[in-house]
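I opened a new structure today and kept notes as I went. Here are my entries, in the order I looked things up.

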Amino acid sequence: MPEIVIVGAGPAGIAAAEVLVERGERPVVLDESRRAGGQGYRTPAPGLALDMGALLGSESGKYRSLHDRFAALRDRVDYRPETLVWNVSEGEVFTLSGDVIHAVRYDALILATGAVDRVMPVRGWQLPGVYTLGGAQVMLKDQGCLIGKRVVFCGSSPLLYLAALQYRMMDAEIAAVLDTTPFAQKLAALPKLAAHPPTMIRGLKYLWKLRQDGVSVRHGARLLDFTGRDGVEGVRYRDAAGAEHSLPCDAVAFGFGLRSETQLADLAGCDLAYDPVFRQFLPKSDADGRCGNGVYVAGDGATIGGADAAELSGRLAGYALLADRGVAVPEEEIARLRSELGRYRRFQQGLATAFAWPSSWAGEIAADVAVCRCEGVTAGMLRKTARAEFGGKEINRAKALTRVGMGRCQGRFCSLAAGEIAAAAIGRPQAEVGRLRGQAPVKPLPMSARLAE
Ligand SMILES: Cc1cc2nc3c(=O)[nH]c(=O)nc-3n(C[C@H](O)[C@H](O)[C@H](O)COP(=O)(O)OP(=O)(O)OC[C@H]3O[C@@H](n4cnc5c(N)ncnc54)[C@H](O)[C@@H]3O)c2cc1C
């Protein structure tokens with residue numbers, strides 16, 4: 001029977017489900033995680049004595065509220081945890097639970113798939129002990145483990161200070177926090193950050209607390225390499241004044257903001273358009289997340305916005321779906337949600353300036369540095385292919401010739417850097433080089449996967 005299907009049980013997916021349940025619908029909610037909550041409000045594994053209240057600080061109330069609300073909703077939705085959606089085609093989503101593949105028909109699909117860390121390759125980024133900022137957080141929040149004893153946090157991302165602070169609270173030694181965005185650029189972002197003062201103040205508090213705790217925080221750092229033989233042993237960087245430094249450590253957490261998870265939207269037939277602020281291709285939708293053909297996007301999977309914006313956009317997507325079915329929706333609430341969401345979006349544009357993606361590094365990455373880890377494609381191979389082969393074509397040509405983005409991660413981690421490197425090599429804007437098209441399966445399937453009988 002055709003259904004309303006929601007992919008993702010983070011803040012956006014839960015908020016969308018709430019709206020639908022309030023109007024008597026019973027959506028199917030699919031999530032590959034074991035527990036609901038999404039990335040930011042992830043719950044620790046059962047039996048783990050982790051004080052989430054202390055770790056989340058001022059956000060702990062929202063964390064509890066989201067989980068309480070989902071608990072109240074649970075019997076009124078068809079919730080299927082540990083269910084990966086790996087393809088969307090012709091009105092069906094294809095899922096994997098355990099080893100079994102199911103096709104789930106939908107007549108309306110809300111994609112609330114969130115985001116992953118955005119990475120610009122740095123020499124040595126494949127060494128054991130080098131994690132993304134989000135990966136370091138997942139280790140802590142999901143498993144209660146630290147990635148190392150003496151950790152360098154580096155890159156530029158709203159998660160940079162938060163993750164470092166959470167590690168400090170768990171008694172990790174923070175060798176330094178190296179923020180790659182110059183301080184002057186942070187000041188330039190203030191007018192847009194002022195669109196949401198409480199969130200801006202929260203971010204400043206993270207920085208202040210780290211400094212109070214004696215953690216060294218450097219702005220405008222240029223990462224040179226992560227060094228070591230069998231595992232990471234240090235970080236080499238140039239400071240804002242141009243002096244080179246080496247920091248010994250046994251783990252690195254690095255990242256440059258987030259990349260929206262757009263592959264399912266792509267497979268569902270949504271158009272994607274280049275966003276010059278976030279420098280990535282995002283699903284084209286109206287203000288409420290409507291993409292057409294019964295597909296809606298919400299949360300970080302639509303555009304990077306944070307947990308509060310994800311909830312607002314999830315509610316809007318729920319109402320859009322109902323309105324498209326002829327159900328009366330509360331116009332006043334919708335207008336308020338749109339206006340609040342607009343403020344968060346302006347704030348996020350400020351964050352994109354304050355924590356800048358270092359696109360200018362793309363032209364400087366050494367030829368032998370791996371860009372696509374899965375297929376072993378280096379920056380040099382990409383440049384050579386781009387210069388020799390692109391002509392009037394684009395990044396998917398480089399994919400065909402080098403296999404960039406064709407491995408296990410399907411370009412989820414390398415595609416944005418690969419696009420920047422290819423664009424820099426031929427002196428064209430990244431928007432013209434295009435994006436790696438989504439391909440099923442969006443995440444690896446085991447050889448043992450079999451169709452449900
Ligand atoms: C690793 C990481 C850590 C973060 N930590 C913080 C933090 O500590 N504090 C903070 O304020 N913000 C954090 N953020 C940002 C924050 O999580 C988001 O802004 C917010 O959670 C967005 O909500 P969402 O509902 O859009 O997506 P999410 O919360 O990311 O939820 C998306 C859900 O979709 C599911 N999903 C995705 N693809 C599939 C698929 N193919 N099949 C099935 N299920 C799928 C995921 O399992 C996930 O549960 C983090 C982001 C990341 C990527």
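The entries below go from ground rules to the ligand, then helices, then single residues.

**Ground rules**

I am working with a predicted model, where local features need pLDDT of at least 70, side-chain atom pairs count only at pLDDT 80 or more, and totals for chains, interfaces and linings use all residues. Residues are numbered from 1 along each chain as its sequence is written, and side-chain values use heavy atoms, with hydrogens and water left out.

I take helices (H or I, at least four residues) and strands (E, at least two) as DSSP runs, numbered from the N terminus.

**Entry 1: the ligand**

I asked which residues come nearest to the ligand. They are Ala-12, Asp-31, Gly-40, Gln-137 and Asp-300, out of 30 residues around the ligand. Here a residue is near if one of its heavy atoms lies within 4 Å of the molecule.

Next I looked up backbone partners. A polar backbone atom of Ala-12 is 2.9 Å from an oxygen atom of the ligand. For Val-85, a polar backbone atom is 2.9 Å from a ligand nitrogen atom. Ala-307 has a backbone N or O atom 3.3 Å from an oxygen atom of the ligand.

Then I checked how much of the ligand is covered. Alone, the ligand exposes 970 Å², and the protein buries 92% of that. These areas come from the Shrake-Rupley method with a 1.4 Å probe; for residues, only the protein chains shown count as cover.

I also listed the elements that give two or more residues to the shell: α1, β4 (84-89), α4 (133-143), α5 (158-169) and α10. Helix α4 gives the most, with three residues.

**Entry 2: helix α3**

Helix α3 covers residues 60-73, 14 residues in all. From first C-alpha to last, α3 reaches 20 Å, close to the expected 20 Å. The expected span is 1.5 Å times one less than the number of residues.

Which residues of α3 are buried? I found Ser-60, Tyr-63, Leu-66, Phe-70 and Leu-73. Seen down the axis, the buried residues of α3 fall within an arc of 160°, so they line one face. The arc is taken from the directions from the helix axis to the C-beta atoms. I noted the background: an α-helix has 3.6 residues a turn, so residues three or four places apart point the same way.

On the other side of α3, Asp-68, Ala-71 and Ala-72 are exposed. My cut-offs are under 20% relative accessible area for buried, over 50% for exposed and partly exposed in between, with a 1.4 Å probe and protein chains only.

The buried residues of α3 pack against α1 (11-22), α2 (52-56), β3 (78-80) and α10 (307-324). Contact means heavy atoms within 4.5 Å.

I turned to α10, since it had come up in both entries. It has 18 residues and reaches 26 Å, close to the 26 Å expected. Of the 18 residues of α10, 15 are buried, so the helix is largely enclosed by the rest of the structure. Just after α10, Gly-326 takes a positive phi of about 85°.

Helix α11 (residues 331-354) has 24 residues, which should span 34 Å; its end C-alpha atoms are 35 Å apart, in agreement. Its buried residues include Leu-337, Leu-341, Tyr-344 and Phe-347. Their cover includes α5, α6 (183-188), α7, α8 and α10.

Is His-196 buried or exposed? His-196 is buried, at 7% relative accessible area. It is in the loop between α7 (190-193) and α8 (197-212). Its side chain makes a polar contact with that of Tyr-344 at 3.1 Å. A polar contact is a pair of N or O atoms within 3.5 Å; within protein, one must be able to donate a hydrogen and the other to accept it, and residues adjacent in sequence count only if both atoms are side-chain atoms.

Arg-345 is in helix α11 and is partly exposed, at 25%. Leaving aside neighbours within four places in sequence, Arg-345 is in contact with Thr-303, Gly-305, Ala-309 and Ser-313.

Most residues other than glycine have a negative phi, and most peptide bonds are trans. I looked for exceptions. Asn-293 has a positive phi near 55° and is exposed, at 69%. Arg-403 has a positive phi near 75° and is partly exposed, at 39%. A cis peptide bond joins Ala-440 and Pro-441, with omega about -5°.
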